[in-house]
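Me: Could you take a close look at one part of this protein for me? I'd like a connected walk through it.
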Amino acid sequence: MEKKIVVLAGDGIGPEITSAAVEVLKKTAEKYGHTFVFDDRYMGGCAIDKFGVPLPDETVTACKAADGVLLGAVGGPKWDSQPAENRPEKGLLGIRSALGLYANLRPAVIYPELSDASPLKPSVLKKGVDIMVVRELIGGIYFGPRGTKDDGKTAYDTEIYGEDEVRRIAKVAFDLAMTRRKKVTSVDKANVLLSSRLWRRIVEDVAKDYPEVALNHLYVDNAAMQLVKDPSQFDVLLCPNMFGDILSDEASQITGSIGLLPSSSLGTCKAGLFEPIHGSAPDIAGQDIANPIATVLAAAMMLDNMELRTEARAVEKAVAKTIADGWRTPDLGEGKRVGCREMGIIIADNIR
Ligand code: IPM
Ligand code: MG
């Protein structure tokens, strides 16, 4: 099969981790007789440097025509002085929005061999961690009315949700729960926010179509606490945009390293966007010490979305074998030390 894959390497460690993932994808194509055509495009700080804007039109056009988009990370101190509307992150928010990617899936699972890297006690981890954060991605406070007034002395952002926006993301969460342990925990702040009351009402309405799925609601502060107290209680965690941003970072630490967690962003465009949940880590960029596993696992999620399921499982198994064999980038603690590039090569060699 031939697939067109746009690669948005981005900034910081982005180019290193995406090239490790491309290495793994090339090996997968070779083993399974596919042709993957890679198309490198600019988004984020690198696009500001080259085009003056974080999201050039030609990048959006290329992504819309692709079968999948693999993204590294964007941002860094170099662009801190850019006006808010021209920051690298605006490129990321812009492409999510331009492609209509409203559903962001962030699985957090623990590899038994890496449980030492988790800050939680073995007694807390022993019941297992297998959480799917379903984050609404193109609404809420990230995209609500905002501005400054009083000559810049006051600034505001607005959390805003419409019924349809909540309904479509809730459906994604319930559909996923049906393929998992049939439990949805919806996160809100309904004791304070009107937008959360609407969120809760619509989630309850959607739940009526899924009688087999158990639904509960948690206020976001309680959810943050419960995640570290007993992560095993969660199956699907359904969150508005900003709460999902925060809780998915927390969930990643429970698994040991933020360098392990992939995410997929899906919606109305054929091409989903697949990226690690971590940032561009400018402090370690160019040193070949970044962990490419999250990006490699994001590539596996992309293969899944292209309905190349056997291939996706092969990549996941190659990652698991690499970890079981003891290969570790510095963020994963003690073990056979490897850099980013070598980790990519070892994973690729483990594709069977
Ligand atoms: C993420 C990131 C982004 C977000 C930033 C870089 C805009 O933190 O993907 O979680 O907040 O969505
Ligand atoms: Mg984040």
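This is a predicted model: local features need pLDDT of at least 70, side-chain atom pairs count only at pLDDT 80 or more; totals for chains, interfaces and linings use all residues.

Reply: The crossing in which H11 passes H12 is right-handed. On the H11 side, the residues that meet H12 are Ala318, Val319 and Thr322, and their partners in H12 are Met343, Ile346 and Ile347. Sorted by class, this contact has five nonpolar residues, one polar residue and no charged ones.

Now for the wider setting. The chain is divided into domain 1, made of 1–101 + 261–352, and domain 2, made of 119–255. Their C-alpha centres lie 25 Å apart, and the contact takes 11 residues from domain 1 and 10 residues from domain 2. The size of an interface is often given as the accessible area lost when the parts come together. For domain 1 and domain 2 the buried area is about 870 Å², with 66% of it on carbon and sulfur atoms. The count of salt bridges between these two domains is one. As for salt bridges by name, the side chains of Arg146 and Glu85 meet in one, at 3.0 Å from N to O.

Technical notes
Residues are numbered from 1 along each chain as its sequence is written. Chains are lettered from A and ligands numbered from 1 in the order in which they are written. Side-chain values use heavy atoms; hydrogens and water are left out. A crossing is left-handed if the near helix is turned anticlockwise from the far one by less than a right angle, and right-handed if clockwise. Helices (H or I, at least four residues) and strands (E, at least two) are DSSP runs, numbered from the N terminus. Contact means heavy atoms within 4.5 Å. Ala, Val, Leu, Ile, Met, Phe, Trp, Tyr, Cys and Pro count as nonpolar, Asp, Glu, Lys and Arg as charged, and the others, Gly among them, as polar. Domain bounds come from an automatic or database domain assignment. Buried area is the accessible area (1.4 Å probe) that two parts lose on being put together, summed over both. A salt bridge is a side-chain nitrogen of Lys or Arg within 4 Å of a carboxyl oxygen of Asp or Glu.
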